[in-house]
Amino acid sequence: MLADTRMDKKKAATTAIVYTACIVITLILLVVSIAAGSKDVSFFQIVKGLFTGDDLTVNTLIRVNMPRTLVAFFCGAALAVSGVLFQSVTRNKLADPAIIGVSSAGFMGGLIATVYLPASIVLSPLLAVIFGMSVFALVFWLSYAREESSSRILALGAAVNAVLMVVILTIAVMQNFAATNVILSLVGSLAVPKQDVVIATVALSIAGVFAAVLLAGKCNVLTLGDKISSSLGINVLQTKIILIVVAVFLAATAATNVGITAFLGLLAPLIARKVLGGNHYNLIPLSAVLGGLILLSADCFGRALGTPVTIPVGIIATVVGGIVFIMLLRRSYYYAD
């Protein structure tokens, strides 16, 4: 009994330390992101300007870089939580919205809305969610048509993703889009988002993450397997459908802003599991924060390294995530099948 109490206190202390560290790192990255790419403003000048508000240069940087910072952080959080939910549904820790084609489908939906439909802040994310849902439903059905095998989702998702990429490029060619613009959109070029885009992205991401947190208990039960989940009173099919809807919603929200940023939905949950374990009550919020920090760090690094030409955020995030993905594939025990 005493040992259990000490263990609980140790876990609580560890959790408090981890979240405190995340808050501190987030605040530091916020300042770094505002100053990234500018050689004329120091870190401490930014901090002073944030408190006083009387530095014209700092105010200009805040006005230009803060929207980009918010979009990067919340899109990273959305991708990370989407990855957690897909991993819960498939019981495969290598599931990622980009790997299984959901991000590509969401991007294609947003692209079609932009090209063929009247300009609207609602149509783009709506069509992105519809396309993402349809593609994942297809991949999920094909993967489980004969026998239950979550690892097959990766192979089928990769195939579907390749087809979608061809469709996206075909649409771009038919519309005479410049190759550079298409490539930048695909790999996640943030540029300077408009105010309505920032508001929509932040609101949708927060709503999706909040819904995922409410579903954390059911995610924990699903990890026990379908039979045990059913015996515990969980409607497995209904629960998976709800989780998929939320996961696709988050992935599509991110894809319309940062393109097809691969492996972030794998990397952030992996780190979160290593730090605080697999309990979804901690895994989901910590993955959200880590996902935001990873994408924001990639954006800061891209702006600082690529001055005067910014390296798109998706390139850096995908390279880092790809290396981790290859390492995980070599460790076959990481599969959940």
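**R91 sits in the loop between α3 and α4.** Helices here are DSSP runs of H or I with at least four residues, strands are runs of E with at least two, and both are numbered from the N terminus. This is a predicted model, in which local features need pLDDT of at least 70 and side-chain atom pairs count only at pLDDT 80 or more, while totals for chains, interfaces and linings use all residues. Residues are numbered from 1 along each chain as its sequence is written, and side-chain values use heavy atoms, with hydrogens and water left out. R91 is not a glycine, yet it has a positive phi of about 55°. Is R91 buried, partly exposed or exposed? Its relative accessibility is 23%, so R91 counts as partly exposed. The cut-offs are under 20% relative accessible area for buried and over 50% for exposed, with partly exposed in between (1.4 Å probe, protein chains only).

**A network of salt bridges links R91, D226 and K240.** A salt bridge is a side-chain nitrogen of Lys or Arg within 4 Å of a carboxyl oxygen of Asp or Glu. R91 pairs with D226, and their closest N and O atoms are 3.1 Å apart. This pair joins distant parts of the chain: R91 is in the loop between α3 and α4 (102-116), D226 is in helix α10 (residues 226-231), and 135 residues separate them. D226 has 22% relative accessibility, so D226 counts as partly exposed. D226 also meets the side chain of K240 in a salt bridge, at 3.3 Å from N to O. K240 counts as buried because its relative accessibility is 8%.

**D299 and R68 form a salt bridge.** How far apart are the closest N and O atoms of D299 and R68? They are 2.9 Å apart. Distant parts of the chain are joined again: D299 belongs to helix α13 (residues 280-305), R68 belongs to helix α3 (residues 56-90), and the two are 231 residues apart. Both D299 and R68 are buried. In total, the structure holds three salt bridges.

**Helices α3 and α13 cross.** Their axes come within 7 Å, and the crossing angle is roughly 140°. Axes are lines fitted to C-alpha atoms, for helices over the stretch in contact, and angles run from 0 to 180 degrees between N-to-C directions. Helices α3 and α13 are therefore oblique to each other. Angles under 35 degrees count as roughly parallel, over 145 as roughly antiparallel, 65 to 115 as roughly perpendicular, and the rest as oblique. The α3 and α13 crossing is right-handed. A crossing is right-handed if the near helix is turned clockwise from the far one by less than a right angle, and left-handed if anticlockwise.

**Helices α5 and α11 cross.** The axes of α5 (residues 123-143) and α11 (residues 236-258) come within 8 Å. At what angle do they cross? The angle is roughly 130°. That makes α5 oblique to α11. The crossing of α5 and α11 is right-handed.

**S103 and A255 have C-alpha atoms separated by 5.6 Å.** Along the chain the two are 152 residues apart. S103 is part of helix α4. Its relative accessibility is 0%, so S103 counts as buried.

**L214 and Y281 are 8.8 Å apart in space, C-alpha to C-alpha.** In sequence, 67 residues separate them. L214 is in helix α8 (residues 195-214). L214 is exposed because its relative accessible area is 60%.

**I315, V319, I323 and M327 form a nonpolar patch on the surface.** Their accessible area together is about 360 Å². Such areas come from the Shrake-Rupley method with a 1.4 Å probe; for residues, only the protein chains shown count as cover. Patches are made of residues with over 30% relative accessible area and no salt bridge; like charges are joined within 9 Å, nonpolar side chains (Val, Leu, Ile, Met, Phe, Trp, Tyr) within 5 Å. I315 lies in helix α14 (residues 313-330). I315 is partly exposed, at 36% relative accessible area.

**The protein chain has 14 helices and zero strands.** Of its 337 residues, 49% are buried.
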